[in-house]
Amino acid sequence: MFLRRLYDERLAQASYLLGCESSGEALVVDPDRDAEQYIEMARREGLRIAHVTETHIHADFVSGARELARRTGARLYLSGEGGPGWQYGYVNEAGAVVLRDGSCFRVGAIEVAAVHTPGHTPEHLSFLVTDTVAVASPIGALTGDFLFVGDVGRPDLLEKAAHEKGTMVASARQLFASIQRFRSFPDHLQIWPGHGAGSSCGKSLGAVPQSTLGYEKIANWAFRIEDEDEFVRTVLDGQPYPPRYFAVMKRINRDGPPLLSAVSRPQRLPADRLGHALAGDATVVDTRSAAEFGRAAVPGTINIPWSRSFTTYAGTLLSYDRDLYLVTDQEPDTAQKIARELSGIGLDRVAGYFGVEALDARRQGGEALQAIPSVEAAEVERRSGSLTLLDVRSPGEFAGGHLPGALNLPLGELVERLADVPRDRPVVVHCQTGARAAIAASVLLASGYHEVRLFPGGFAEWRESGRQVEAASS
């Protein structure tokens, strides 16, 4: 038996290539949209991808299961659990095999058995893997977003992201039942989860890539709680704010992701086209660092630095119904890499990109560039009565302490709630340490706010300086 984990650091997402070395067959579980990486790995290992499956309808990235099955001619397996409303819409078109609780299929001498583990999502399956050449009992379980190292999948996404009202508590109870079912499996069972630390699909995921069920029974908080009501309260408490794009991902992955062959590669555009892009119904994203953007940027562009959190912020702020253009100061192939990352969350409408010469062209043409002035804590304190102090952290962070008089509007809600930000006074934007605030400041400027300042030190600097802090109850 061959098993290899492929990990996307930016999405904290794991997929798996499982192979039978005697038959040469391979299975890919939870692939992302970059099909080539799986094809190339299988080729290097002398394997043929004959089977593709996924544990559930994903919310945080575009599934590559349909793409990979089409590219390789592999058989596609999809969950048939979950009831009405949570069935895959492209099963017949893709010729997929429908899996239910107890369904089994073979990858050469390896048996893969589906276990219905609802809670994170209604249709969620985990897969028990048995190397029948060696033993008759499973060696491990591919648990997707049900069971992580040190945590379990959050049961609130249907309500918070997909807007299925009144589902959180019921999903939490399903999750509790799934955990009780897993208690009966042997302690030696290896756990191969679908996410690691940094994923928004849980609240306290471990950074260790795999575990054993026995270890999780003693170390994972979810197994230590035996009372169902207490579990429901605990699992729903303190869940992070889900990125806004999760709802779109659910729909795309349920109905059938478009094939990447239909998505064009963005081309470099002449500098004089930038003005036309801004004048139309498009969004121009400057991917330079916040410091570079703050010093000089083209008015109307928004800043999402190309960093590890790029896709999360892009999915939170960008529209799926508009063309996108990029500004980058990196190597020529960087724009293609950024576009691939955007396609990983379904933002396929990247119509072109510009180099930093577009800024020079505007200067030479007599058009002004914009800057975002920074302010220190002392100035914020001195002028607080004449400013709007905009805190773009999450509600939980804000409740734990905030600047006196601050308005809390999380970055993920900013675009939809711009009307809540006063326009009759300067706005000073801050977060914890500056990253989210810099993005928010660019959004405000692109939306017509004129006096926008950045407090880069944010709440961390404010608190460390010993200045007054308000709490939610004050």
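Which residues in H5 meet which residues in H8? That was what I wanted to look up before anything else, keeping in mind that this is a predicted model.

**Entry 1: the H5 and H8 contact**

I started on the H5 side and noted Met168, Val169, Ala172, Arg173, Leu175, Phe176 and Ile179. Their partners in H8 are Glu228, Asp229, Phe231, Val232, Val235 and Leu236.

Next I looked at how the two helices sit against each other. H5 covers residues 168-183 and H8 covers residues 228-236. They pack at an angle of about 115 degrees, and their axes are 9 Å apart. I wrote the crossing down as right-handed.

**Entry 2: the six-stranded sheet**

I then moved to a sheet, and I found it to be open, with six strands in the order E1-E2-E3-E4-E5-E6. The pairing in this sheet is mixed. Which strands are at the edges? They are E1 (2-8) and E6 (97-99), each of which pairs on one side only. On average, neighbouring strands here are turned by 25 degrees against each other, with direction ignored.

I took a closer look at the E6 end. E5, residues 75-79, pairs with E6 in the parallel sense, and I noted three bridges for the pair. Tyrosine 77 is the residue that stands opposite valine 97 in E6.

**Entry 3: helices lying on the strands**

Which strands does H1 lie across? I traced this helix, residues 35-44, across E1, E2 (13-19), E3 (25-29) and E4 (48-53). H1 runs at about 150 degrees to E1.

H2, residues 65-72, was my next stop. This helix lies across E3, E4 and E5, and I noted that H2 runs at about 150 degrees to E4.

**Entry 4: the whole protein**

Stepping back, I listed 18 helices and 20 strands in the protein. The C-alpha trace spans about 70 × 55 × 35 Å along its principal axes.

Is the radius of gyration in agreement with a compact globule, or in disagreement? For 474 residues such a globule would have a value near 23 Å, and the protein has 24 Å, so the two agree.

I also looked up burial: 54% of the 474 residues count as buried. Last, I checked contacts with a separation of 6 or more, and found that residues 24 or more positions apart account for 67% of them.

Notes:
Residues numbered from 1 in each chain as written. Predicted model: local features only at pLDDT ≥ 70, side-chain atom pairs only at ≥ 80, totals over all residues. Heavy atoms only, no water. Axes fitted to C-alpha atoms, helices over the stretch in contact; angles between N-to-C directions. Helix = DSSP H or I, 4+ residues; strand = E, 2+ residues; numbered from the N terminus. Left-handed = near helix turned anticlockwise from the far one by under 90°. Contact = heavy atoms within 4.5 Å. Pairing = 2+ DSSP bridges. Rg over C-alpha atoms; globule rule 2.2 N^0.38 Å. Buried < 20%, exposed > 50% of the residue type's maximum accessible area, 1.4 Å probe, protein only.
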